[in-house]
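Please open the model in your viewer and keep the selection tool at hand. We will go from one stop to the next, with a short note on what to find at each.

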Amino acid sequence: MSFLDILGNFSWGAHCLALGLGGVACLRLWKRGADKAFAVSAWLALAGVAVLSLPWMAGWVMAYIQMPLPWWILSRHSTNISAILLFGHFVLCAAGALRTASRLPVRPRATVGAAEVEE
Amino acid sequence: MERWLLAARRGLRQAASMYLPEWAWFLAGVACMAGLVAWHRRANSRHLVMAAGGLGWSSLVGLPQLYGDLFGYEELSRFADKLFDDATWAGATWNDTGELLVYQCSLIAWPGMAFFALGLWRQGSSLVPKTAQPVES
């Protein structure tokens, strides 16, 4: 196995792990009082990562069990399904962030000439 | 026909198929980044800046794929050939330099996602949990 192959597997695994952590972080945001869209977003992310990593996990499990795999594990649609789920994750993250921001008061911002006005 | 018109037609055809097109991914990433920046403008949190920056990195690294999807990989390959000399691709199993460029970019996208998750996690730490809020009488 070449270095690029190893890096490819590593980066793919790291990507899945980071997406899962993002889901958990979204769930935590909701539990700590952010918008409810984050909760839906979190479950979409976790489901998406689960579907995305199913074929990989199946390949790992195949070394231990001698059994034909169900068709849905080997299905090429798993990529499409996970893509749609993760797309929903990002869109709902945006919605959650915007809705959380809209509930907060507008922060006073320094403008040009504010120092002169204060004097 | 105009190049942009052809790209738009290709993008619409992709959207009609089962395959989620790259421009939809890109729009979702940019929308999420905009939401995080809007939140940062109200809450003034550096964790949100980190999360938005991570998404920005992932979107930036996906730009070659976006270009290839919309304008065709032949165009992207021509661009990649101009950008790098043959020694860069020595030992590669791909002949199409555009696809190779997309693959190399996909290898470095994961830190963006990691920073996105880390930023959201740390922003959660700075929020007050519901159970800790005082009960109003």
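The tour below starts with confidence, then visits chain A, the interface and several places in chain B.

**Colour by confidence.** Keep in mind that this is a predicted model. Its scores are ipTM 0.85 and pTM 0.84. Colour chain B by pLDDT: the mean is 88, and 91% of the residues of chain B reach 70 or more. Among the helices of chain B, confidence is highest in helix 3 (residues 46–61), at a mean of 97, and lowest in helix 5 (residues 73–83), at 87.

**Select chain A.** Here you will find five helices and zero strands, in the order α-α-α-α-α along the sequence. Of the 119 residues in chain A, 28% are buried. Look also at the contacts within chain A between residues at least 6 apart in sequence: 67% of these join residues at least 24 apart.

**Show both chains.** At the interface, 32 residues of chain A are in contact with 33 residues of chain B. Now highlight helix 1 (3–31) and helix 4 (77–103) of chain A, each of which supplies at least two residues of the side that touches chain B. Helix 1 of chain A gives the largest share of that side, 14 residues. Colour this side of chain A by residue class and you will have 21 nonpolar, seven polar and four charged residues.

Select helix 1 of chain B, residues 3–16. How far apart are the end C-alpha atoms of helix 1 of chain B? They are 20 Å apart, which agrees with the 20 Å that its 14 residues should span at 1.5 Å a residue.

**Stop at B:Asn44.** This residue sits in the loop between helix 2 (22–43) and helix 3 of chain B. Check the backbone here: B:Asn44 has a positive phi of about 55° although it is not a glycine. Most residues other than glycine have a negative phi. Is B:Asn44 buried or exposed? It counts as exposed, because it has 12 C-beta neighbours inside 10 Å and the cut-off for exposed is 12 or fewer.

**Centre on B:Gly68.** You will find B:Gly68 in helix 4 (residues 63–71) of chain B. B:Gly68 counts as buried because it has 22 C-beta neighbours inside 10 Å. Beyond its neighbours within four places in sequence, B:Gly68 is in contact with B:Tyr73, B:Leu76, B:Gly98 and B:Val102.

**Look at the crossing of helices 5 and 6.** In chain B, helix 5 and helix 6 (residues 97–107) pack at an angle of about 80°, with their axes 7 Å apart. The two helices are therefore roughly perpendicular to each other. Show B:Tyr73, B:Leu76, B:Ser77, B:Ala80 and B:Asp81 from helix 5 of chain B, which meet B:Thr97, B:Gly98, B:Glu99 and B:Leu101 from helix 6 of chain B. The residues of this contact divide into four nonpolar, three polar and two charged.

**Finish at helix 7 of chain B.** Select residues 110–126, whose 17 residues should span 24 Å at 1.5 Å a residue; the end C-alpha atoms are 25 Å apart, which agrees. Buried residues of helix 7 of chain B include B:Trp110, B:Met113, B:Phe115, B:Phe116, B:Leu120 and B:Gln123.

Definitions and conventions: Residues numbered from 1 in each chain as written. Chains lettered and ligands numbered in written order. Predicted model: local features only at pLDDT ≥ 70, side-chain atom pairs only at ≥ 80, totals over all residues. pLDDT = per-residue confidence, 0-100. Helix = DSSP H or I, 4+ residues; strand = E, 2+ residues; numbered from the N terminus. Axes fitted to C-alpha atoms, helices over the stretch in contact; angles between N-to-C directions. Parallel < 35°, antiparallel > 145°, perpendicular 65-115°, else oblique. Contact = placed C-beta atoms within 7 Å. Nonpolar A, V, L, I, M, F, W, Y, C, P; charged D, E, K, R; others polar. Buried ≥ 20, exposed ≤ 12 C-beta atoms within 10 Å, placed from the backbone. Expected span 1.5 Å × (residues − 1).
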